[in-house]
Amino acid sequence: MSMLKLHYIVPGDDFTRAGEASGDVKHKLKKLGYNPTAIRRVAIAMYEGEINMVIHAGGGEAFVEVDPEKVEIVLVDKGPGIADVSKAMQEGWSTAPDNVRSLGFGAGMGLPNMKKYSDEMTIDSVVGEGTTLKMIIYAQSTKL
Amino acid sequence: MDKFFHSVTLDESKCVGCTNCIKRCPTEAIRVRNGKAVITSERCIDCGECIRVCPHHAKRAKHDHLSMLDRFTYKIALPAPSLYGQFNNLDDQDYVLTGLKKLGFDDVVEVSGAAELVSEATRRLMDAGKLKRPVISSACPAIVRLIRVRFPDLCDHVLPLLSPMETAATIAKQEAMKKTGLPEEEIGCFFITPCPAKVTDIRMPIGIERSKVDGAIAISEIFPQLSNKMDKLHPDELEPLSNSGIIGVSWATSGGESSALLKERYLAADGIENVIRVLEEIEDERIGELDFIELNACTGGCVGGVLCVENPYVAVARLQRLRRYLPVSQNHLESGESVPEDMNWEGELEFSNVLTLSDDLARAMEMMMEIDEVEASLPGLDCGACGAPTCRAFAEDVVRGNSQKADCIFVLRKQIQQFADSISNLDGGILPKDPD
């Protein structure tokens, strides 16, 4: 089965570029004629993850694999890690600094939204080493 | 009727094959082939950006002429609200409307009046809570077409109401039939248009099978004769024709339609590039808490249309003066909560996949990998010399089979270099030296 692999470096030092990787994935999925609902879910879930990497982890890398059945997004960073994943999953819980809150981020909806918009999500995080987050969105999923 | 009628067309004799229009087109619909611009019909949304940007005036908007009036027994002008912004010192719409009658129209029905009904219908639909939020305005035909080709997931957010132009035509024809006893086909409705997208919208409407508007005459075409008639008007000749208020006239400018909803949670964006950015953000749910999104392809709204004669900002200032002593609204739907059937779209907006690579997803993925490969071998300058707007678009053209790699002058130069090198290699060793 054909598979499209995409790779992005998400820079951590330039907040104004956050969202470019997920924007490019969205644009490519549209060109492919992917299921519109799946495109929207990929775009939102990946955008949230990308923003998180920029806010909390000083950037990272995104690996995206597209095949006709699903889109798999893997976000890898070498940030501080998430001390309490279950707490981070709670709506409204945030450790975002004030400077990004003023831009409307840091509402504590990042991880909950990623969970909501993806079909599968796993978080692998080690404090002091970093976080690897994997999300899968199925093209024909009926979730949402 | 043509499958793809477009108002925006090319005058080949004036086109020099430069890169201005290909760079500006929001749907990448234009390529330069054999030294002339070529518009891909199914991609064009008739926004008119290429007309605006072409320094050689090679892009034109096809529209109807006043001579078309002769085909009808009873002729009605439907002036766009933006028309009022074209005249200096205008403080009464009746000058414009009476002037139109002097040009040969039997009657005038203001589109700004119908706009007030559309505003009221929108308020009713929004209050009923059945529309998907945020609701996106359907008034700008270029935007509706843009959404149709570029934003599949937003199609069901588009307000399913006919435009004020269409509603004005419906009302005008009903009233004229009653008044004259003539059959509908002998009554002609002519929209006085600020833009080519409306010309297209009449020939190939969205949301309705057939438009009730019979022709569209450009503001720029009618302006000289109309202002001449208006100058000669004696105040005694003025007919009390105007029947619209602040809400209707404000539709001419960006923000007018949304402020008429009398709600706070709205956004109004204008200029095609700003609009695209807003649509991207709505798609990603990055703009929350909004009920209504008004989008206009032209800067400033309809006053910025390419068929207007006046600078859009000047037009806005003039409309402010005109609006000053108008009542808020002069047109109202019958009381109740429903919207008249003939104001609604007959069907839903359907996504048109003209920009996707292939109907077959697996094939599309292969093509995208090929495109990535071709793009990697290009210089990435986006110079446009190949006739495509970007190296990426050119790579896509190559993979689609519409261009050859050597159409890129940098690739060609490399190929010539390699060819020259191999010739000189031959010369240096393999070939026997000429004894002389």
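This is a predicted model: local features need pLDDT of at least 70, side-chain atom pairs count only at pLDDT 80 or more; totals for chains, interfaces and linings use all residues.
On the H4(B) side, the residues in contact are B:Val111, B:Gly113, B:Ala114, B:Ala115, B:Leu117 and B:Val118. Their counterparts in H6(B) are B:Pro164, B:Met165, B:Thr167, B:Ala168 and B:Ile171. By class, this contact comprises nine nonpolar residues and two polar ones, with no charged residue. In general, a pair of packed helices is described by the angle between the axes and by the distance between them.

The buried residues are B:Gln93, B:Tyr95, B:Val96, B:Leu97, B:Thr98, B:Gly99 and B:Leu100. Among the elements that cover them are strand E5 (74-79), strand E6 (107-108) and helix H8 (219-232) of chain B. Just after H3(B), the backbone at B:Gly104 adopts a positive phi of about 120°.

Another glycine, B:Gly336, lies in the loop between helix H12 (312-323) and H13 of chain B. Is B:Gly336 buried or exposed? B:Gly336 counts as exposed because it has 7 C-beta neighbours inside 10 Å, and a residue with 12 or fewer falls in that class. The C-alpha atoms of B:Gly336 and B:Arg124 are 9.1 Å apart in space, although 212 residues separate the two in sequence.

Chain B contains 15 helices and eleven strands, and its C-alpha trace spans about 105 × 50 × 40 Å along the principal axes. The domain assignment divides the chain into domain 1 (8-61), domain 2 (66-343) and domain 3 (361-430). Between domain 2 and domain 3 of chain B, the C-alpha centres are 47 Å apart. Of the 436 residues of chain B, 45% count as buried. When contacts in chain B between residues at least 6 apart in sequence are considered, 77% join residues at least 24 apart.

Where does chain B touch chain A? The contact involves 18 residues of chain B and 16 residues of chain A. On the chain B side, helix H13 (residues 361-376) supplies the largest share, with seven residues. That side of chain B consists of nine nonpolar, three polar and six charged residues.

The confidence values complete the description. Chain B averages a pLDDT of 93, and 97% of the residues score at least 70. For chain A the average pLDDT is 90, with 99% of the residues at 70 or above. Within chain A, strand E3 (residues 70-77) has the highest mean pLDDT of the elements, 97, whereas helix H4 (residues 98-101) of chain A has the lowest, 76. For the complex, the predictor gives an ipTM of 0.79 and a pTM of 0.89.

Technical notes: Residues are numbered from 1 along each chain as its sequence is written. Chains are lettered from A and ligands numbered from 1 in the order in which they are written. Two residues are in contact if their C-beta atoms, placed from the backbone, lie within 7 Å. Helices (H or I, at least four residues) and strands (E, at least two) are DSSP runs, numbered from the N terminus. Ala, Val, Leu, Ile, Met, Phe, Trp, Tyr, Cys and Pro count as nonpolar, Asp, Glu, Lys and Arg as charged, and the others, Gly among them, as polar. pLDDT is the predictor's confidence in each residue, from 0 to 100. Domain bounds come from an automatic or database domain assignment. A residue is buried if 20 or more other C-beta atoms lie within 10 Å of its own, exposed if 12 or fewer, and partly exposed in between; C-beta atoms are placed from the backbone.
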